[in-house]
Amino acid sequence: MKKQEKIDLLKRGIAEKEICRCYFSYHPGYFYYYYPNAVNEKFLLGQAENDFLLDGYCIRKISQLKKVEIKDDLCNTINKHIGVHQQIEMPPVDISDWKSIFDSLMKLDCFVIIEDENTGKYAIGIIQKTFQKKLYFRSFDADGIWDDVGLEIPYSQITTVKWGTRYATVWQEYLQSKPTQT
């Protein structure tokens, strides 16, 4: 698919509150379901849908989006019937560039998941500081122990950013203390 075709289908998904099946270069043959909230030449921001539930927000690069389809089937009809469409809500996140994305997420004060799905790198935690080409990120492990030192993550190594997921939200609820800013 051409870039503009993908963007046009995502814009139709936004306008009509339609679920989109999205295929990305780093997972050939696998797809993700999103209700798109915003799209531009660089990024897709969408609410993840899984088994008739919304599970947080996700931002992915348009350059890695290989194919988009509007999902028009019984699952979509059921989502409309049970009110999933009524839960679609644009978050206060500016998707102009990575810096504006992470500045917006810092204001939301939520746990964020950052991934590089090309290499399998994964981190969950808080954004500490943003710069033009990178950010400082403080993560924790599966035991809820914060890393002693923050990570420096170049934007060029990010494929996916998620927040508001059940996973991140439960961690934020039960992990009582946050590290201090560095």
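Reply: Gladly, and let's start with burial: buried means under 20% relative accessible area, exposed means over 50%, and partly exposed is what falls in between. Keep in mind that this is a predicted model.

Me: What makes the phi of Lys17 worth a look?

Reply: Lys17 has a positive phi of about 50 degrees although it is not a glycine. Most residues other than glycine have a negative phi. Phe52 is another such case, with a positive phi near 70 degrees. Phe52 sits in the loop between strand 3 and strand 4, and at a relative accessible area of 30% it is partly exposed.

Me: Why is the pair of Tyr57 and Trp163 called stacked?

Reply: Two values decide that. The ring centres are 5.3 Å apart, and rings pair if their centres lie within 6.5 Å. The planes make an angle of 20 degrees, and planes under 30 degrees apart count as stacked. Both tests are passed, so the pair is stacked.

Me: What does the pair of Tyr57 and Trp163 tie together?

Reply: Tyr57 belongs to strand 4 and Trp163 to strand 10, so the pair links parts that are 106 residues apart in sequence. As for burial, Tyr57 has 15% relative accessibility and counts as buried, and Trp163 is buried at 4%.

Me: What makes Arg21 a charge over a ring?

Reply: Arg21 lies over the face of Phe31, at 5.4 Å from the ring centre, and the distance limit is 6 Å. The charged end of Lys67 likewise sits over the ring of Tyr23, 5.4 Å from its centre. Tyr23 and Phe31 are both part of one aromatic cluster, which also includes Phe24, Tyr26 and Tyr30.

Me: Which residues have the most contacts inside the largest nonpolar core?

Reply: Those are Ile59, Phe102 and Trp163, in a core of 23 residues. Among the elements that each supply at least two of its residues are strand 3 (43-50), strand 4 (53-61) and strand 10 (160-163). Helix 3 gives the most, with 4 residues. Leaving aside neighbours within four places in sequence, the contacts of Ile59 include Leu45, Trp98, Ile101 and Trp163.

Me: Where is the largest pocket, and how much space lies in it?

Reply: About 340 Å³ of space lies there. The lining has 17 residues, and Tyr32, Ala48, Glu49, Asn50 and Lys162 are nearest the centre. Strand 2 (31-39), strand 3 and strand 4 each give two or more residues to the lining, with strand 4 giving the most at 5 residues.

Methods: Residues numbered from 1 in each chain as written. Predicted model: local features only at pLDDT ≥ 70, side-chain atom pairs only at ≥ 80, totals over all residues. Heavy atoms only, no water. Core = buried A, V, L, I, M, F, W, Y, C linked by side-chain atoms within 4.5 Å. Buried < 20%, exposed > 50% of the residue type's maximum accessible area, 1.4 Å probe, protein only. Contact = heavy atoms within 4.5 Å. Phe/Tyr/Trp six-rings, centres within 6.5 Å; stacked < 30°, edge-to-face > 60°. Lys NZ or Arg CZ within 6 Å of the ring centre and 35° of its normal. 1 Å grid on protein atoms, 1.4 Å probe; cavity = no way out; pocket = protein on both sides within 12 Å on 5 of 7 lines; lining within 4 Å. Points joined across faces, edges and corners; volume = space filled by probe spheres on them.
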